Amino acid sequence: MDPRYTQLEQAIRTGDVEAGKAEAVRLAESSLSPLAIFRECIEPCLKNIGDQFSRLEIFLPEMMEAAEVVKAVQETLRPYLKAGEVAQTRKGRIVLCTIQGDLHDIGKNIVKAMLEVNGFEVKDLGVNVNPAEAIRAAKEFEADIIAISALMLPSLPYVKDAIEMVKTNEDYRRRYKIMVGGGPVSRDWAKKVQADGYGDDAVEAVKQATSLMGL
Ligand code: B12
């Protein structure tokens with residue numbers, strides 16, 4: 001990893017929230033964009049932590065501490081994201097959630113921030129959202145797109161349910177496009193369950209949403 005990120009990585013690994021926030025400010029002030037900080041440091045670092053967790057080299061408390069630091073860094077970087085990058089036009093309305101059974105929201109929140117700065121109006125439904133609730137919210141918000149994040153393999157059936165609910169109802173099918181993403185979701189799987197869009201990161205999420213709006 002780029003040596004500029006050594007201290008941030010160290011803060012995440014040791015669960016040091018204050019050091020993480022201070023480093024985030026230092027990096028942002030040195031004109032690194034929040035997106036670069038996420039892509040080049042935080043995402044690979046979390047991936048690595050997840051792999052260590054799978055190999056039982058670290059345990060849940062360490063993973064939780066790392067997540068705490070990342071959440072604090074996310075908050076700290078928010079103003080830097082808004083500062084230079086806010087789009088002027090409104091491109092479409094999106095309801096976004098993490099699906100039922102899944103409490104992971106770091107990736108969802110990055111996707112949200114990127115969609116917003118690129119001109120989409122986003123209603124964030126939070127985590128552990130059941131498919132019917134996502135569709136009800138889409139109606140209420142008059143959404144164009146339902147965007148679903150899933151990091152847990154056991155939750156994939158709920159993503160499939162949401163897509164089926166939309167695709168088997170003529171009115172919903174006409175009104176809403178569905179896009180999906182998150183660790184266990186692959187492009188092939190998304191295609192197989194007839195999602196309209198798939199993205200493996202937040203930049204791709206914006207590209208997909210833009211294309212689904214026909215822009
Ligand atoms: C941090 C973390 C946690 C934190 C979550 C904190 C939070 N508020 O989110 C805590 C410690 C709480 C946690 C808990 C658990 N976790 Co966890 N966790 C992780 C970890 C290390 C990182 C996830 C992350 O934030 N990544 C960084 C973000 C930026 O990446 P991302 O989410 O993939 O999002 C990007 C893309 O996927 C994409 N994207 C995401 N959503 C969407 C949506 C759309 C529409 C689009 C287009 C794109 C898109 O864009 C994002 C930005 O680039 C992963 C490891 C890993 N490899 O993912 C495990 C992992 C996801 N967790 C795992 C497990 C097992 C658990 C627990 C069950 C552990 C336990 N025994 O209790 C619980 C589950 C609780 C629950 N019911 O959800 C497993 C899941 C296995 C599986 N696939 O089923 C993983 C893979 C670890 C592992 N290797 O075993 N976890």
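A: The side chains of R136 and E133 form a salt bridge, 3.1 Å from N to O; the term means a side-chain nitrogen of Lys or Arg within 4 Å of a carboxyl oxygen of Asp or Glu. This is a predicted model, in which local features need pLDDT of at least 70, side-chain atom pairs count only at pLDDT 80 or more, and totals for chains, interfaces and linings use all residues. Residues are numbered from 1 along each chain as its sequence is written, and side-chain values use heavy atoms, with hydrogens and water left out.

Q: Where do R136 and E133 lie?

A: Both are in helix α6 (residues 131-141), three residues apart, about one turn of the helix. Helices here are DSSP runs of H or I with at least four residues, strands are runs of E with at least two, and both are numbered from the N terminus.

Q: How many salt bridges does the structure hold?

A: The structure holds 19.

Q: New topic: how is the chain divided?

A: Into domain 1 (3-85) and domain 2 (92-212), with bounds from an automatic or database domain assignment. Their C-alpha centres lie 25 Å apart.

Q: How many residues of each domain are in contact?

A: Twelve residues of domain 1 contact ten of domain 2, where contact means heavy atoms within 4.5 Å.

Q: And what area do the two domains bury between them?

A: About 1,000 Å², 63% of it on carbon and sulfur atoms. Buried area is the accessible area (1.4 Å probe) that two parts lose on being put together, summed over both.

Q: How many salt bridges cross that interface?

A: The rule finds two across the interface of domain 1 and domain 2. On the domain 1 side, α3 (34-54) and α4 (60-85) each supply at least two of the residues that touch domain 2. The largest share, seven residues, comes from α4.

Q: What about K71 and D105?

A: Their side chains meet in a salt bridge of 2.7 Å, N to O. D105 lies in the loop between β1 and α5. Not counting residues up to four places away in sequence, D105 touches K71, T98 and V127.

Q: Last one: which protein donor does the cobalt atom of the ligand have?

A: H104 is the only one, through NE2 at 2.2 Å. Donors are N, O and S atoms within 2.8 Å of the metal (3.2 Å for Na, K and Ca); water is not among the atoms, so sites may look incomplete. H104 is in the loop between β1 (92-98) and α5 (106-117).
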